[in-house]
Amino acid sequence: MKHLFTILFAILLGSSLALQAQTMGNLSGKVTMVDGSPLASASVSIIGTTKATLTDENGNYSFNNLDAGSYTIKVQVLGSPEKDLPVQVVAGQTAIVNYQLPKENVTALQEVTVSGNKNKFSKKESVYIARLPLKNIENPQVYNSVSKELIQEQMAVDLGSVSKNVPGAGIPTIANQGRVTFLSRGFETEPNARNGVAGAAFSSIDPANLERVEAIKGPSATLFGTSISSSYGGLYNRVTKKPYNGFGGEVSYFGGSWNYNRLVADINSPVNADKTALFRLNTATTFQKSFQDLGFTNNISVMPSFSYQVTDRLSLLLDVEFGQEKGTSVVRFNPYTGGTKVRTLNIATMGFPYNKTFLSNDLPYQTQMLNIFGQLNYKISSQWTSQTVISRARSTINGYITALTGRSDTSLRPQVITGNTSFIATDLQQNFTGDFKIGGHRNRVVIGLDYYNNSNSFDRVTVNYNQTVSFIHTPSTYRISRFKIDSLTSTGTLRKENNHDNTYAAYVSDVFNITDKLSVMASLRLDRYQYGGVYNISTGVTAGGLGANGVQTGPYGQTALSQKMGAVYEVVKDKISVFGNYMNGFFNESGVFANGSQFKPEHANQLEFGVKGDILDHRLVGTVSYYDIQVKDMIRPDPNDSQYSIQDGTRLSKGVEVDLTANPFDGLNIVAGYAYNDSKLTHSDVTTNGLRPAYSGPARMLNFWVSYRMQQGDLRGLGLGFGGNSGSSSYNVNTTTLKVIVPAYTILDASVFYDQPKYRIGFKVNNITSEQAWSLRLTPQAPAQFIGSLTLKF
């Protein structure tokens, strides 16, 4: 009897499903951009029902089991008018409704997966650069973009390796807790922008979560302020990977020299049946010993992201970066600057050992980073979009941060900072973006409000070790241990304090199309900075900035105006343009003059002109530009009173940059860049006036990467890559009495890979010739390093 009931149930169920199939139908289609490329993550809904979904990475969508009848499909894409499409669903059939955007949409374009082989490294479109949907060819500002495809092909496993593809970035400077700093137009710049807002990290940042890195050139305070560690040379923006509509991912293992072990995973999946809720997880862990006699790093990063299309007008994105690292400080050598003898030193010939750290593995630091990014996009109308962003960044550092301080031209002593440091930053931003016409002329406008809070705490001691040692003839028994440092903390300099500041800003920017080919940009920012002072926990006293004589000035506030203007003329529509810009940057300055009045913000202005091209069906994309940056109101010693400072210093930074990506024929890809920078202190202290500033990097830098991938036959997917970076000599110290030269360098890399739909195998050699090179902080760079990788895709 039991089996009979089972058979009857199966018959009834099958009959029900067959009947349903006869009375219900399906609906599917594809959404594409104006050029026919698939549009991922477009919102597609059925009006009058609760059914909604997102297109997958191929632009496809589908609705199943719909009652036969008439429906209206709504296609909604941020940055474009919504589109209603009528459709008739017939029982037992699948209705097909495709839709192609009638014009270019940069908001969508930047998220599209590039398929095929046509210049896959030239992903230039971005909504972050101008906070508006502008194509590169119509943007008057210069920027470079390093895509995840290039990062993958080069097996770039850290941010320093990624920056090799940015003209003028130079050898990265690694801080003692893993933080990395690059160069931009002669100024030091940190990668502390994340998805266009503040995302500071005082620790190492794993690149596993990167969709691309954008190097935005020139002083950019008008739209980005100063809270994201932008410099007058520009800023680096980390664009993170977003969830997509579909299941997939990959797992990779890297192994190499000096016990290098790295495991990476990227997993993506829809959360609900309608595929309006999507989840993606990127995670990585790395262990590596130093190439030097001692030293190691061991870290783990977990980076989840979640997107939810709440309605056809409202979308939510949540993005998190979490990382922990334990490691030893890299070598940071501060040369001896005392004495009255005029001398010129070169780190390559002064006898400083290349493979020695002078410290020990029981003096590690430990860092933890947590960055939370939330974004709400709301389509107000066909012309206006609202974007609300909340970014919260926290970094903590515990343990030992070390440096080596020169005591003479041939000796040193260690300096160790031990204790706890914490940095917390909150950025709240509201943008209203419009795209409309006035008198037949197109306007693209962003109106924004920005609030930034920064809070730091310090509970640490700086210990100068009580033994000086020759770095040329170091005794074999010389070793600095944790026990020795801990026993000296009572004699060290205590820093036990809290400080905080707030920034309130409003900005507006308009791109006005005079004609279809000629557009102008005008932008303005009003910035109010309020410094809350330093609270000394030991004394219970709150004080503010310091004058040159050490007199506390108390908490203070400063107001700054920053402007940006630009013009673009497209000589050949969407292919070749000429541009010019005038941009401003500023930094708030603490301290007082001898008369007791407060310093004002320091400013820099840039003039730039150039040509952009995107020709031969995207096979050749590039930019050539000339810039001139003038810095004013710099702080320098008061020549009439050595206890105080004055604010009339000036600096010049001008140069030429070239950025090129090319795909001459299928399979061959070329990335190349050149940067020339002439920097000079034009009004400063007598010991530096007229000289190139220290830490401004090489005057000339070149980068290139050439790769070829087999397109057909049994060896399809097999590829080779070769590239390099070179730079002229630069200065760690540059005064009239002392010059410490960082020598010129040429570092070459090569790789071989075999890329298939289900797996990828790679092998790379970094620094093939074991070139001895140093960063500006006099950190020796690794010799030849071998890395192999295996990736499984699903």
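View 1. E153, R709, D755, R760 and K793 are linked in a network of salt bridges. A salt bridge here is a side-chain nitrogen of Lys or Arg within 4 Å of a carboxyl oxygen of Asp or Glu. A search of the whole structure finds 33 salt bridges. This is a predicted model: local features need pLDDT of at least 70, side-chain atom pairs count only at pLDDT 80 or more, and totals for chains, interfaces and linings use all residues. Residues are numbered from 1 along each chain as its sequence is written, and side-chain values use heavy atoms, with hydrogens and water left out.

**View 2. D666 and R619 form a salt bridge.** Their side chains meet at 2.9 Å, N to O. D666 sits in the loop between β36 (645–662) and β37 (668–683), and R619 in the loop between β34 (602–615) and β35 (620–637), so the pair ties together parts that are 47 residues apart in sequence. Strands are DSSP runs of E with at least two residues, numbered from the N terminus. D666 is partly exposed, with a relative accessible area of 40%. The cut-offs are these: buried means under 20% relative accessible area, exposed means over 50%, and partly exposed is in between (1.4 Å probe, protein chains only).

View 3. D527 pairs with R525, and the closest N and O atoms are 3.2 Å apart. E570 pairs with K573, with the closest N and O atoms 3.5 Å apart. K573 is partly exposed, at 29%.

**View 4. The largest nonpolar core has 37 residues.** A nonpolar core is a set of buried Ala, Val, Leu, Ile, Met, Phe, Trp, Tyr and Cys residues joined through side-chain atoms within 4.5 Å. F333, F352 and L412 have the most contacts inside this core. Strands β25 (384–408), β26 (411–438), β27 (441–464), β41 (738–742) and β42 (745–755) each supply at least two of its residues. β41 gives the most, with three residues. Beyond its neighbours within four places in sequence, F352 is in contact with V331, F333, I347, F358, L404, L412 and F471. Contact means heavy atoms within 4.5 Å. A second, separate core has 21 residues, including V44, L85, A95 and V97.

**View 5. Q309 is buried in strand β20.** The strand covers residues 296–309. Q309 has 15% relative accessibility. A polar atom of its side chain lies 2.9 Å from the backbone oxygen of T311. Leaving aside neighbours within four places in sequence, Q309 touches S43, L54, T276, L314 and S315.

**View 6. S470 is partly exposed in strand β28.** This strand covers residues 469–470. The relative accessible area of S470 is 24%. Its side chain reaches the backbone nitrogen of I472 at 3.2 Å. S470 also touches T410 and S411, not counting residues up to four places away in sequence.

**View 7. Eight nonpolar residues make a surface patch.** Y378, I380, F432, I447, V508, L524, L526 and L561 form a nonpolar patch of about 680 Å². Such a patch joins nonpolar side chains (Val, Leu, Ile, Met, Phe, Trp, Tyr) within 5 Å, from residues with over 30% relative accessible area and no salt bridge. Y378 lies in strand β24 (residues 365–379). Y378 is partly exposed, with a relative accessible area of 37%.

Technical notes: Patches are made of residues with over 30% relative accessible area and no salt bridge: like charges are joined within 9 Å, nonpolar side chains (Val, Leu, Ile, Met, Phe, Trp, Tyr) within 5 Å. Accessible areas come from the Shrake-Rupley method with a 1.4 Å probe; for residues, only the protein chains shown count as cover. Helices (H or I, at least four residues) and strands (E, at least two) are DSSP runs, numbered from the N terminus. A polar contact is a pair of N or O atoms within 3.5 Å; within protein, one must be able to donate a hydrogen and the other to accept it, and residues adjacent in sequence count only if both atoms are side-chain atoms.
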